[in-house]
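Subject: Structure handover

Hello,

Here is the structure for you to look over. My notes follow it.

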Amino acid sequence: MSNVAEIKLGEKSVSLPIVVGTEGEHAIDIAKLRSQTGYITLDDGYGNTGSCESAITFIDGEKGILRYRGIPIEELAQKSTFIETAYLIIYGNLPNHQQLRQFSDLLTRHELLHEDMKFHFQGFPAKAHPMAILSSMINACGCFSPTLLETESIPDFDIQAARLISQVRTIASFSYRKSRGLPMNYPKPTYKYTANLLHMMFSSPYEEVELNPEVVKALDLIFLLHADHEQNCSTSTVRMVASSRANLFASCSAGVCALWGPLHGGANQAVLEMLGEIHQSGDDGTRFIAAAKDKSSGKRLMGFGHRVYKNHDPRAKIIKAQCDRVLDTLHINDPLLDIAKRLEEATLNDSYFVERKLYPNVDFYSGIIMRALGIPLEMFTVMFAIGRMPGWIANYKEIMEEKETRIYRPRQIYTGSTVRGYIPIEER
Ligand code: CMC
């Protein structure tokens, strides 16, 4: 096959290079299209635009494949932990014993927030959404280590990355405790990453939280499954901000804001709200499905569909199995799980969903696990953000290590008024 694409525009014909990825994906490099023809490409929502070349995560949405650094998600879910996977995503390879120990030690060394950050927490109203707190506090974290913001050297990058991964968990638990009027719990260096988060969220000054290994494993798995997902809305935001050479904290803080929306990370909260609504209305799901198919209703089946997956989301299958295990271990009989399963079953035989290839995504069952773990609804998207941090950091690193990164700056097709004169206010 030729390695150039011939594009014919009227009488003119231009040759544009074809870029081929390691998994055989093909793209037309249109960087010179405008200078050669005066044309740009228009791709509303970027559904057909490759914004970068990246070596971190591979997705084949048609086949339902997801791999971090080449390793299938199913294998990582079975054999790895969130922290080992975070190392893989950021540094490119699985760590050996010594590398994992060093990484883990670095996370422990940087788990404490600066004491003055407590004053920032106090300034938020009790009902502030924890995603707003998380985004602000990540940026604030950067202010407490200004030297980390000035350099892009690799040793400092390691510290920046460790601080973010470790402290995002401390910020999350502090914001939860504050929203409940509970005293803040400091991290405990003896606990591993996910157990430490559960301790900070749920221990009281007089009683340590009881850590059920199945519960710890379930939350760790949720983090692992969310750790990266190539150029989604929040990761693209992180790369966009990073391309202006903003620092890692500012870039990831922007990522949190992008993640918050209900069509992205906020979907896990929206799913539980939807299931609750169906349950309370006495519907078995039939009425809601009918509404989701009717565009005028303004409703969508939350936790269903994906821009890239036109087949089963491989994360959804793993999370569904974990959901069953956790509820079993905790002896919880959750009616919302029954509704969720009924919805899934009904949509599999419904031409609307089949034709549009709409299947449950990662958010469909994760919320039910988190609810079983006692994590409140408004913290669901925060849990997604904790999990996604390694992916954002790896994408930031990739941008900073590129020799010739240009600032991200898309163009547009202007559709407003053509030139017109200024009318003085008395004459309008
Ligand atoms: N319920 C009902 N109809 C849907 C749904 C849904 N959840 N998702 C897509 N459709 C329909 C949509 O109305 C359209 O129909 P038509 O062709 O008749 O106009 C068709 O399917 C294609 O939808 P689209 O909006 O063009 O698809 P998209 O790629 O722009 O959107 C999505 C992807 C994930 C935003 C969307 O499927 C959605 O809103 N899902 C619900 C929210 C959700 O679960 N988001 C989490 C995504 S996974 C986690 C993450 O990566 O953040």
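The buried residues of α3 are F82, I83, E84, T85, A86, Y87, L88, I89 and I90. Buried here means under 20% relative accessible area, exposed means over 50%, and partly exposed is in between, with a 1.4 Å probe and protein chains only. Helices are DSSP runs of H or I with at least four residues, strands are runs of E with at least two, and numbering starts from the N terminus.

Some ground rules. This is a predicted model, in which local features need pLDDT of at least 70, side-chain atom pairs count only at pLDDT 80 or more, and totals for chains, interfaces and linings use all residues. Residues are numbered from 1 along each chain as its sequence is written, and side-chain values use heavy atoms, with hydrogens and water left out.

The ligand

The ligand is surrounded by 19 residues, where near means a heavy atom within 4 Å. H264, R300, L301, G303 and R307 are the closest. The shell holds 8 nonpolar, 6 polar and 5 charged residues. Ala, Val, Leu, Ile, Met, Phe, Trp, Tyr, Cys and Pro count as nonpolar, Asp, Glu, Lys and Arg as charged, and the others, Gly among them, as polar.

The side chain of R300 places an N or O atom 2.7 Å from a ligand oxygen. A polar backbone atom of F304 is 2.9 Å from a ligand nitrogen. Y352 has a polar side-chain atom 2.9 Å from a nitrogen atom of the ligand. The protein buries 77% of the 940 Å² that the ligand exposes when taken alone. Areas come from the Shrake-Rupley method with a 1.4 Å probe. A polar contact is a pair of N or O atoms within 3.5 Å; within protein, one must be able to donate a hydrogen and the other to accept it, and residues adjacent in sequence count only if both atoms are side-chain atoms.

The second largest pocket

Its volume is about 680 Å³. The lining has 30 residues, with T81, I83, S104, K192 and Y193 nearest the centre. By class, the lining has 11 nonpolar, 11 polar and 8 charged residues. Helix α4 gives the largest share, 7 residues. On a 1 Å grid over the protein atoms alone, a pocket is an open set of points where a 1.4 Å probe fits, with protein on both sides within 12 Å along at least five of seven lines; lining residues have an atom within 4 Å of a point. The volume is the space filled by probe spheres set on the points, which are joined across faces, edges and corners.

Loops

Which residues other than glycine have a positive phi? K357 has one, near 55°, and H331 has one of about 55°. Most residues other than glycine have a negative phi. H331 sits in the loop between α15 and α16 and is exposed, at 74% relative accessible area. K357 is in the loop between α17 and α18 and is partly exposed, at 41%.

D313 lies in the loop between α14 and α15. D313 is buried, at 2%, and its side chain reaches the backbone nitrogen of V362 at 3.0 Å.

Best wishes
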